[in-house]
Amino acid sequence: MRAGAEPVSGDSARDAWGVVVVGADGVIQLAQGPALAALRLADLEGRRAASLPPTFAALVAVALDGTRATASVVVDDRTVQIAAEPSAGGALVLLLAPPDPAALATRQVQLLLQQVPAMVWATDADQRVTHVLGKLPRVLVVDPATMIGVEADQYLREHGAASVAEAQGRAIARREEQLLRLELIGRSLEVAIEPLIDAGGAVVGCVGAAIDVTPLLSADRARAASEARLAEAQKLAHVGSFEWDVPVDRVLWSDEMFRIHGIGREGFDRRYASVRRLVHPDDLAMLDQRVRECLKDKVPLRAEYRIIRPDGATRTLEARADVVTDASGEVVRVAGTLWDETELAETRRARDRTHSLLAATLEATADGILVVDRDAKVVAHNARFVSIWRIPAALIESGDDDALLAYVREQLVDPDAFMRGVRDLYEHPEAESRDHLRFVDGRVVERISKPQRLDGEIVGRVWSFHDVTEREHLLGRTELLAEASRLLTSLEAEGALEALAQIVVGRFASACAVDILDAGGPRRLTEISDEPRHEPVQSGRAALCGRTVAEAVDGWSRISVPLAVRGEVLGALHLRKRGAYELAEVELAEELGRRAGLAVQNARLYATAREALHAREELLAIAAHEIRGPITSLHLAVQSLRAESLPERVRTRLYDIIEREDRRLARFVDELLDIGALSAGSLELTREEVSLANVVHRVVANADAEIRHGGSAVDVLTDDAAVGSWDPYRLQQVIENLLSNALKFGAGAPIEIRVRSEDSRAILSVSDHGIGIPGELHERIFQPFERGRISSRHYGGLGLGLHISRAIIEGLGGDIRVESAPGEGATFTVSLPKEAP
Amino acid sequence: MTASSGPILVVDDDPDIRELLELVLAMRGYDVLSARDGADALEKLESGPRPALVLLDLMLPHVDGYQVVRAMKSNPALAPIPVVIVSGDQAARDKARKGGADACLLKPVELEELVRVVRDLVPAQAAS
């Protein structure tokens with residue numbers, strides 16, 4: 001059994017106690033203690049225990065019997081506890097009389113109140129202090145004992161607590177509680193005063209309590225200052241703090257949280273659902289998931305999500321919170337911080353985007369890029385680099401830079417030069433380079449490198465590779481074409497074609513041949529080859545017909561193109577090489593063929609022009625020469641005529657000579673004019689109905705003098721049916737020419753002229769029996785003249801007569817030919833169609 | 001020493017010039033022989049009477065005037081016979097002169113000059 005309220009100071013001296021010793025004979029041997037007095041028991045020693053009050057006596061008897069017994073007895077509102085125990089030689093009785101509860105209670109309360117860190121006082125109706133309790137008076141350097149019975153109002157005012165005095169007065173007067181704050185000797189006191197009202201309703205005094213809240217206040221102030229600093233820090237850092245009391249679903253937010261979310265305190269109902277409503281719909285599922293995990297697994301919460309503020313702005317937030325659990329492990333709170341990292345997120349996004357853009361740019365560039373550091377270790381590269389060098393994926397991933405370098409080196413025509421260049425550059429990190437790499441497979445790659453600088457310092461080197469094969473090929477083709485054109489401007493076509501074949505071999509083909517189409521057929525002009533074993537270059541028949549041939553057989557490719565100008569084929573160009581020809585190369589060959597054809601034609605035209613010029617010069621020389629003859633004769637004849645006495649016979653002969661020379665000169669002039677007209681293509685032929693027989697007769701009549709002079713007898717046989725549509729004057733010219741030749745070369749022998757008519761044609765023949773014309777000259781006599789003609793002169797003519805005659809006859813649609821042998825004379829036969837062709 | 005009374009050999013492929021020269025010279029009392037080319041001329045020189053003078057055109061078919069001059073000058077029998085070149089070509093005349101011709105006449109020939117040159121080299125014979 002314990003006392004109801006444990007006294008704070010343990011003053012158990014107030015407990016009454018007693019001891020009674022009873023012998024085995026039932027006689028009280030000893031009786032001591034204040035409890036006996038409480039039981040109104042005195043002079044017990046020597047009395048018999050049985051004479052004690054019944055309860056007491058019974059207990060003793062039981063104990064004497066050998067059994068322990070207890071009992072409680074109430075005497076004067078006090079409970080006494082009796083415990084009787086058997087002991088050696090009798091019984092021992094213990095008595096315990098706890099102190100008066102009420103007195104104890106009062107005493108206990110008094111002790112408590114003395115310890116209260118405050119001051120409690122009471123006054124009566126006259127405001128005299130009746131009670132003063134608490135520790136505070138001592139702190140305030142006031143002795144409580146001196147206050148009892150003092151007039152409170154005066155006392156308070158004297159000690160600087162006027163406001164309390166007034167409050168007391170108010171409390172009593174108004175019968176209501178008064179609360180105030182008081183500063184006293186550097187301490188802050190919270191004061192509460194209540195009127196004491198008895199059962200009858202009358203005010204019998206007042207009770208006051210004053211608590212020193214100084215430490216509380218400063219703690220408060222410190223806390224407030226700390227909170228203010230925290231709030232300020234949160235505001236500056238845009239960091240908010242929150243607490244979510246999960247079981248009751250109540251959310252607490254710092255000021256910054258409201259600012260971050262752009263809402264005011266009024267609108268916030270502090271439930272988690274309200275917080276959720278602010279989250280961006282696309283991020284809601286993720287956030288819910290995190291929160292679920294956090295609550296279920298009791299793990300800290302970390303989430304980045306967007307909110308949409310009421311003003312429509314979207315912000316990105318990062319939240320971190322810890323979970324607080326209770327004793328049973330259930331989540332009671334989730335508390336943490338949250339900050340607005342929108343700008344940061346945007347910067348990150350922009351940076352990521354830039355990074356991706358950069359990577360994409362690197363991949364999108366047409367160049368292969370390789371970045372190495374100062375130790376020549378590969379730092380970065382793009383897909384194009386890999387494809388240019390055809391590097392297997394495994395090699396790139398291995399990161400073995402030496403193996404990579406070896407693999408790359410082997411693809412080049414000159415790997416040593418490449419390695420030298422690379423070493424050179426590593427010794428000069430600040431140098432830039434630009435060169436062309438030639439690959440064994442025929443590709444050409446342009447390589448450019450520059451040092452890579454960061455903050456002004458060289459940290460590595462960037463290599464860029466660009467496949468310029470196409471460009472190099474194009475350049476090569478263009479250069480070849482330009483050089484070919486230069487060569488082909490020469491008027492010495494055959495030499496130029498030979499030179500062309502030379503530049504083609506080695507650059508464009510391993511063997512090249514040129515054929516020229518002469519009057520006698522194709523002729524192989526030149527064949528050049530740098531092949532180890534030379535096999536003849538075939539001619540493409542098709543090329544000589546004007547078609548390009550390009551074919552690939554047994555690993556060889558061949559191109560044959562015509563040398564053609566405006567559809568006229570003058571020859572062919574043949575190329576061949578190992579491997580394949582691209583379409584661009586076939587086109588190049590065709591262009592070469594065109595230009596070569598042009599060169600050949602130009603050379604021919606030039607030669608023709610030069611010949612024509614030559615011929616003209618010769619004609620002039622011959623004309624001048626030939627004319628000198630008649631003029632010499634005329635001169636001598638005229639001068640002779642001046643002689644005074646001249647025999648008539650001589651005079652007549654002189655006149656004949658003059659007339660003859662005059663005619664000769666006239667004919668020379670006509671022939672010159674005709675040859676001019678012929679070369680200009682302006683020889684005009686009229687057409688009218690002409691009787692060939694009549695023309696023949698006219699000519700013979702006109703040539704009477706010449707005939708007599710020539711000595712030949714002219715026999716004419718004609719057919720009047722030989723009538724056609726011809727040019728009478730030109731026809732006359734032809735007949736005059738033939739007759740004149742016959743007279744010249746007739747050696748005096750008879751001359752026969754025959755005219756006959758066939759169905760649609762008229763035939764004229766002039767035959768002489770003179771010196772004749774050798775077979776090899778039969779065609780030449782119809783040419784205007786050729787070189788060295790002077791050595792076979794035509795006896796006093798320009799030698800153009802037959803040429804002009806043929807032109808006239810052919811212009812009329814007919815033909816003229818000669819039959820002759822040396823010593824057997826000559827027969828010229830003209831065949832004319834009667835109607836214009 | 002003069003070549004006595006031999007004929008004048010006229011060599012020209014133009015028959016009209018031959019005829020004229022014959023006329024002109026015959027009128028002045030000379031005998032005239034004519035040849036129509038170099039071969040003909042050399043033949044007549046070999047076989048015919050020794051001419052007192054040769055009037056030679058250079059431009060002749062088959063055998064030209066130069067060849068005639070050379071042949072004559074390299075033949076001791078013919079060498080003394082004077083040769084007068086009658087030609088239209090100045091350069092040719094100079095060349096022939098070097099070859100041994102005695103005189104040159106440029107075509108068209110002036111009658112007076114022709115007569116003078118001939119008379120110098122062959123004094124007139126019987127006048128007609």
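Buried area is the accessible area, taken with a 1.4 Å probe, that two parts lose on being put together, summed over both. On that count, chain B and chain A of this predicted model bury about 2,200 Å² between them, with carbon and sulfur atoms making up 61% of it. The contact draws on 24 residues of chain A and 20 residues of chain B. On the chain B side, B:Asp16, B:Leu20 and B:Leu23 give up the most area to chain A, and together they make up 25% of what that side buries.

Five salt bridges turn up across the interface of chain B and chain A. As for which parts of chain B do the touching, the elements that supply two or more residues are helix H1 (15–27) and helix H5 (111–121). H1(B) gives the most to that side, with eight residues.

Now for chain B on its own. Its 128 residues are 52% buried, and it holds five helices and five strands. Following the sequence, these come in the pattern β-α-β-α-β-α-β-α-β-α. Among the contacts in chain B with a separation of 6 or more, 63% are between residues 24 or more positions apart.

An α-helix has 3.6 residues a turn, so residues three or four places apart point the same way. Where H2(B) starts, B:Asp37 places a side-chain oxygen within 3.0 Å of the backbone nitrogen of B:Ala39.

In H15(A), residues 401–409, the buried residues are A:Asp401, A:Leu404 and A:Val408. They span an arc of only 55° around the axis, which means that they sit on the same side of H15(A). Their packing partners in chain A are strand E17 (378–381) and helices H13 (383–389), H14 (393–398) and H16 (415–427). The N-terminal end of H15(A) is capped by A:Asp400, with a side-chain oxygen 3.2 Å from the backbone nitrogen of A:Asp402.

Finally, a word on confidence. Chain A has a mean pLDDT of 86, and 96% of its residues reach 70 or more. Over residues 786–796 of chain A, however, pLDDT is below 50, and the model gives this stretch 31 contacts beyond near neighbours in sequence. Residues 1–13 of chain A also stay under 50, with seven contacts beyond four places in sequence. Where pLDDT is low, the predicted coordinates should not be read in detail.

Definitions and conventions: Residues numbered from 1 in each chain as written. Chains lettered and ligands numbered in written order. Predicted model: local features only at pLDDT ≥ 70, side-chain atom pairs only at ≥ 80, totals over all residues. Heavy atoms only, no water. pLDDT = per-residue confidence, 0-100. Contact = heavy atoms within 4.5 Å. Buried < 20%, exposed > 50% of the residue type's maximum accessible area, 1.4 Å probe, protein only. Helix = DSSP H or I, 4+ residues; strand = E, 2+ residues; numbered from the N terminus. Arc of directions from axis to C-beta. Polar contact = N/O pair within 3.5 Å; in protein donor to acceptor, adjacent residues only side chain to side chain. Salt bridge = Lys/Arg side-chain N within 4 Å of Asp/Glu carboxyl O.
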